Amino acid sequence: MDALNAHLVPAVDGVAYGLLLFVAAAGLTLLFGIGGVLNIAHGTLFALGGYLAASVSDGSWSSAVLGLAVAVAGGTAGGAVLAAGTLPLAGRGHLPQALRTFGLALVGGDILSTVYGGDEHPVKVPGSVNGMVHFFGHVYPTYRLMFIAVAAALAVAGSVVLGRTRAGALLRATADDRAMVGAMGYAPWRVHTALCAAAGALAGLAGGLGAPIIGPGPDTADKVLMLSMVVIVLGRPGSVLGAFLAAIAVGEIETLGVSISSDWAPFLLFGMMAVALAGRTFRSSGVADGVAAAPGEAPA
Amino acid sequence: MFSSHVSGRLRAAVAIGAVTALAAAGCSSDKSSKSGKDSAKGGDSPITIGLITALSGSNKALGPDHLNGFKLYLQTHGNKLGGHTVNLDVGDEADGGAAAVPVANKMLKEDKVLAIAGIVATPTINAVVPLATAAGVPVVNTGGRPTVKDPSHLWTMSFMSTDPGGAMGPYLAQNAGGPVYAFGPDYQGGWDQLRGFTDSFAKAGGTLANDGGKPTFTPFPATTDFTPFLSKVKASGAKAIYSFYTGSSAIAFVKNWSQSDAKDIPLYAAGFITEGGALKAEGQAANGIITSMNYSPDISSAANREFVSAWTQAHDGDQPPATAMYSWDAASVLDQAILKAGPDPTPQKVNDAIKALGQINSPRGTWQLSPDTHVPVQKWYLRKVEMDGTALANVKIGDLATIGS
């Protein structure tokens, strides 16, 4: 009971942090898993959303909502720039795309630090969620509790759009067979642009929602890109459920894991990632052997 | 293209300066023997001072304060150091270390600088100081200070990494009222800062509340959420927290602390946690934090009032950060040393003059350079974050020890 009590706050915080990672990684996993674009500028779009929301929001609810809208609009515009930059590289593999988006990230990062300065940008959240909530003798930031609810709603909305709507079906079809979708009358460049813009909008929204927790500052883009990469690699690119579970796992490792064994804090995340990847490789090679063995067994 | 244009102009300026100096020397040769000081003021041969700072890269947030502190001194002193008009040669150290080597080489070989000021990152010191020492050019350093093999041409305006904690340790041992929980980032700078604290704290009889009696080092720069680390503090029975964090880590740490179970346990820290932009981003979360620093903008002295009023006028009423004051002092030290070096200052003469400066009157109070390490022997102050007018500020609430080796 004592142990439960001592780790209660980190466990709750793990959910909040994990959901933040899920929201942050959503745009990257959508674009990489379905659009096939490895977007190194993803963290920069997140930072852009954070800066825009933070500079609009002055502590009132209306300005906070306006800030989020501006962040989404900025992210969408950034996504459109990405679409224009990566469209000529379609069909040339991931490396040219990674290089181009890396270049765009460098340029974008420099523009951001020129406009907003090299310091961390102050973030104001509405007064009613700026305080703390008391539970079981502990305190926890109200904003993070609200974030858990908002991010959970976003996760549900995302899986409904992808799984139950016509637009979602089109996206899933694009991931499976791009040529067939083209033959159905959807120009590939339109699908590409729409995907990039949607991924940018998600990144901008995540930046705006996450600004009170991470950044926005000069190193926000790198941090978010790295954590998002971990989430999509663990959760398999393009899978909403996979990204969700991976994000919660990473969140708990970074909070509950650190709380239980803080000596191991520097190694926990990437240690767990190495174990998970090794396990997956072992399992999938086992499956492949099974498939290969099957025809050989048939004559016997 | 641009740089060759500049250096062409520079050569012309140096040539004109040399001719003027020769003419002045010829005219006033009999006078100068009577009064060297007068001729130094009268014979204005322009000098070139190199200023290396971070204008891009990971320390971009710090560079402008270093640059502006130096420039402000020049602006308020007729753009002259030691009576000579200054040609300021600004170079970018970017991410530090090897990136600064070509910048320093150009200053030393082509521009023939009299001295190099600035330098934000400690790896840049390790890369640039050996080059400058070989060329006999003094480096007046305003940023971090690592241990160097040969400090003969290195003069530090800031402090040794162990000093902020060294000043706070004895104070907390006496005043915390119980064990203290210590936090720092897991890299060389964090280890040095925390070692300064734990050594002086233990010597004065203090005990740490951390598991195993050792400070907790958080992964750097990966830690964005300090909540799980802070969740252990209350149960440990700590009466106070001591920490060293800078930049985005400082902001996250302070925000997490202010909304955690540990929020009622007082937070003490090395001064950077609430300097400049960090304090603005932390906002009310930082209210009440107590820090140790070798500077506070509200120090009552003529030298400090001059500096603070010049800075606030030039920066929208913002209070000056300590880094800007180190840079102001770098210009002031060069001003006095160049004057002492006589009418024809050479890098070596300036270096010798810095060594012989003695007491330096500065916005932070009076201090002097240690003859061994060339780091300030100076007083440390206890500051508390409070509302000062309409904005939060670091207000001086007491004096700590005078330290430096």
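In what order do the elements of chain A run from the N terminus on? In this predicted model, the elements of chain A follow the order α-α-α-α-α-β-β-α-α-α-α-α-α-α, counted from the N terminus.

**View 1. The elements and overall dimensions of chain A.** Chain A holds twelve helices and two strands, and its C-alpha trace spans about 70 × 50 × 35 Å along its principal axes. A compact globule with 300 residues would have a radius of gyration near 19 Å, and because chain A has 21 Å, the value agrees with that expectation. Of the 300 residues in chain A, 46% are buried. When contacts in chain A between residues at least 6 apart in sequence are considered, 74% of them join residues at least 24 apart.

**View 2. The contact between chain A and chain B.** This contact takes 27 residues from chain A and 25 residues from chain B. On the side of chain B that touches chain A, at least two residues each are supplied by β8 (216-218), α9 (227-230), α10 (247-258) and α11 (276-282) of chain B, and the element that gives the most is α11(B), with four residues. Sorted by class, this side of chain B has nine nonpolar, ten polar and six charged residues.

**View 3. The two domains of chain B and where they meet.** The domain assignment of chain B gives a domain 1 made of 2-159 + 303-374 and a domain 2 made of 163-293 + 381-403. Where these domains of chain B touch, seven residues of domain 1 are in contact with ten residues of domain 2. The side of domain 1 of chain B that touches domain 2 of chain B has four nonpolar residues, two polar residues and one charged residue.

**View 4. Helix α5 of chain B and its surroundings.** In helix α5 (residues 101-110) of chain B, the buried residues are B:V103, B:A104, B:M107 and B:L108. Seen down the axis of α5(B), these buried residues fall within an arc of 120°, and therefore they line one face of the helix. Which elements of chain B do the buried residues of α5(B) pack against? They pack against β1 (47-53), β3 (84-92), β4 (115-118) and α6 (122-135) of chain B. The exposed residues B:P102 and B:K109, by contrast, are carried on the face of α5(B) that is turned away from its buried side. Just after α5(B), the residue B:K112 takes a positive phi of about 50°.

Key: Residues are numbered from 1 along each chain as its sequence is written. Chains are lettered from A and ligands numbered from 1 in the order in which they are written. This is a predicted model: local features need pLDDT of at least 70, side-chain atom pairs count only at pLDDT 80 or more; totals for chains, interfaces and linings use all residues. Domain bounds come from an automatic or database domain assignment. Ala, Val, Leu, Ile, Met, Phe, Trp, Tyr, Cys and Pro count as nonpolar, Asp, Glu, Lys and Arg as charged, and the others, Gly among them, as polar. The radius of gyration is taken over C-alpha atoms; the globule rule is 2.2 Å times the number of residues to the power 0.38. A residue is buried if 20 or more other C-beta atoms lie within 10 Å of its own, exposed if 12 or fewer, and partly exposed in between; C-beta atoms are placed from the backbone. The arc is that of the directions from the helix axis to the C-beta atoms.
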